[in-house]
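Student: Hi! I've got a two-chain model open on my screen and could use a hand reading it. Can we go through it together?

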Amino acid sequence: MTTAHDNHATGMPRSRFGRAYFRYAVEPWLYLSPAVLLICFVMMIPLAIGIAYSVQSINLLKPFDTGYVGLENFAELGDDRKFWRAMTNTFWWTFGSVTLQFFLGLGLALLLSRPFHGKRAVQALVFLPWAVPTFLIALTWSWLLNPVIGPLPHWWAAMGILEEPYNILSNPDTAMWGPIMANVWYGVPFFAITLLAALQSIPHELYEAAEIDGASRWQSFTKITLPFLGPMIAITVMLRAIWIANFADLIYVMTGGGPANSTQILSTYIFTTAFRALDFGYASAIAVALLGVLLVYAAILLFVRAKLVKT
Amino acid sequence: MAARTRNAPVLSAGKYLAVAFYVAFALFPLYWLLKIALTPERLIYSDGTALWPSTVTLDNFRTVIFASDFLGYFGNSVIVSLTTAAATSMIAAAAGYAFSRFAFRGKRWVVVLMLLTQMFPLLMIIAPIYKIVASLGMLNSLTSLIVVYTAFNIPFATFLMQSFFDGIPKDLEEAAMIDGCTRFQALRKVILPLTLPGLAATLGFVFTAAWSELLFALMLINSNDAMTFPVGLLTFVSKFSVDWGQMMAAGVLALIPSCLFFLFIQRYLVQGLTSGAVKG
């Protein structure tokens, strides 16, 4: 007890020999160790094993055919048309979802950044989709798109968007729009919340000064709001894109990657290969490829960020 | 000199219209879920796409609750989500406290480790985890799910707890320590009561995440007794895909816990999402 006193009196000396140093160096690890151990054992070690799987043949359906195969899995990937299809689909899925989520989210954030009647209630209601379990979002949207019990095909047919009320999930040309719509519904609150927080951090005086100087609302949006939000927007959008590229739940439940692989993205391809085909080696090779794509993307992100900060 | 357009009636009407659009967009799918769940089975095909059900019944809910396995799935999910939330919150509180109060060698590396776990595709480890869990003989056990979910949620929960601890002045525990408390006593008696709202919010975030996790549960659980709600519902859908009313009634039931927890954590959404709170 007394040493604790002394520590404080002397302002926690960084002496290498006292009990003070011991506490100073060791105590944080006491608090951290459960978290670090669990992350290492449940995430980092399996990650290393997963990377090792990608150069092995591990198929639960062929238990006698296991072992090191070098880059065979990757060579197979190169010839796998399903894989390249999934690669382009991943791009469209991510691009479509992020763009729509962002613009709708920005609109919502701008609306909520100014006071109006019933704002608190509105805020609670429009953020609700974030809390809905993802499997339920997927099921709900596939039901909404089903002409038997869902209204959407009938509305679209009435508006002339569809020739007749059919299920867009069963048509390879339109199927990707289904999961994207569900994802937009789910993701708008996320962008709205983060952008709203950023909007509220812009000093009010700036807008008042602009107003006195006779700036229009559009001018204060483009000259004050956007430059302020710019860097934050860039980072949020780019990080979110990584998350969405990895996000398999919606597509897996809504279409399972079909019809004819038209909605198969890399993450659903990993899951179906591991879960349905039980081919762990090949699934891991796809996963490593996805990781590679994400790393390249992250490198571009860091480069862009460095440029943004410089100018 | 032109009159400011800020209070022009047209503009404010447009604004309320936009607000109405967002509210309708957010609520319509949920309304539809509830509507079909309340529609009697014999009317599904005639009433299916009508905006308003002509008759309302609770039969679907009754069947789901009393004549199916959903209550069991629901119970499994509650056990898994609550235990995960409690374990994660405790572990993350300790780690978040260390991040907030200590400057120590290696801190940077732990932060990098935690950020790294948020970046790589989680599906990368689904096969190794299956193998490990299988070799431990723990397939189809809720414990394995709890351990896996706890680890997945620790990083963001730690950053979240750190932000709550950062909001509490250091002077408080220093004063307590000068008065003779050890650091742990100060933490327990002075700091913890002050972070209770933050701890509750973390609990809520983790619960919501664990409640909706599907893919690892599909991989690790295939016995009916150990299925969590998402797995049970999905199995039900693929087996009896025409019992629309019952499926949606089950969906509505799955929605209830998340909505409750959502109300609970609503105030902390900004803090939670900026710490990287994601589901699944």
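Tutor: Happy to! Chain A has 13 helices and two strands. Keep in mind that this is a predicted model.

Student: Okay, and which domains does chain A have?

Tutor: The domain assignment gives chain A a domain 1 at 2–53 and a domain 2 at 80–310. The C-alpha centres of domain 1 and domain 2 of chain A are 39 Å apart.

Student: Now chain B. How many helices and strands there?

Tutor: Chain B has 13 helices and zero strands. Read from the N terminus, its elements go α-α-α-α-α-α-α-α-α-α-α-α-α. The radius of gyration of chain B is 24 Å, well over the 19 Å that the globule rule gives for 280 residues, so chain B too is more spread out than a compact globule.

Student: What does the trace of chain B span along its principal axes?

Tutor: The C-alpha trace of chain B spans about 75 × 75 × 35 Å.

Student: And how is chain B divided into domains?

Tutor: Domain 1 of chain B covers 11–57, and domain 2 covers 69–240 + 256–274. Taken over C-alpha atoms, the centres of domain 1 and domain 2 of chain B are separated by 34 Å.

Student: Let's jump to where the chains meet. How many residues does each one put into the contact?

Tutor: Chain A puts in 69 residues and chain B puts in 79 residues. On the side of chain A that touches chain B, helix α2 (residues 19–53) of chain A gives the most, with 17 residues.

Student: What is that side of chain A like, in terms of nonpolar, polar and charged residues?

Tutor: The side of chain A that touches chain B has 56 nonpolar, 10 polar and three charged residues.

Student: Can you show me one helix pair across the two chains?

Tutor: Helix α5 (residues 119–127) of chain A packs with helix α1 (residues 9–38) of chain B at an angle of about 40 degrees, and their axes are 8 Å apart. That angle makes α5(A) oblique to α1(B). The crossing of α5(A) past α1(B) is left-handed.

Student: Which residues make that contact?

Tutor: From α5(A) you have A:Val122, A:Leu125 and A:Val126, and from α1(B) you have B:Val19, B:Tyr22, B:Val23, B:Ala26 and B:Leu27. The residues of this contact of α5(A) with α1(B) come to eight nonpolar, no polar and no charged.

Student: Nice. Switching to packing inside chain B, how do α4(B) and α7(B) cross?

Tutor: The axes of helix α4 (residues 70–101) of chain B and α7(B) come within 6 Å and cross at roughly 40 degrees. The two helices, α4(B) and α7(B), are therefore oblique to each other. The crossing of α4(B) and α7(B) is right-handed. In the contact of α4(B) with α7(B) there are 17 nonpolar, 11 polar and two charged residues.

Student: What about α5(B) against α7(B), at what angle do they cross?

Tutor: Helix α5 (residues 107–119) of chain B and helix α7 (residues 142–166) of chain B cross at roughly 125 degrees, with axes that come within 9 Å. That makes α5(B) oblique to α7(B). Here α5(B) passes α7(B) in a left-handed crossing.

Student: Which residues should I click on to see α5(B) meet α7(B)?

Tutor: Pick B:Met114, B:Thr117 and B:Gln118 in α5(B), then B:Pro155, B:Phe156 and B:Thr158 in α7(B). The contact of α5(B) with α7(B) has three nonpolar, three polar and no charged residues.

Terms used: Residues numbered from 1 in each chain as written. Chains lettered and ligands numbered in written order. Predicted model: local features only at pLDDT ≥ 70, side-chain atom pairs only at ≥ 80, totals over all residues. Axes fitted to C-alpha atoms, helices over the stretch in contact; angles between N-to-C directions. Helix = DSSP H or I, 4+ residues; strand = E, 2+ residues; numbered from the N terminus. Parallel < 35°, antiparallel > 145°, perpendicular 65-115°, else oblique. Left-handed = near helix turned anticlockwise from the far one by under 90°. Contact = placed C-beta atoms within 7 Å. Nonpolar A, V, L, I, M, F, W, Y, C, P; charged D, E, K, R; others polar. Domains from an automatic or database assignment. Rg over C-alpha atoms; globule rule 2.2 N^0.38 Å.
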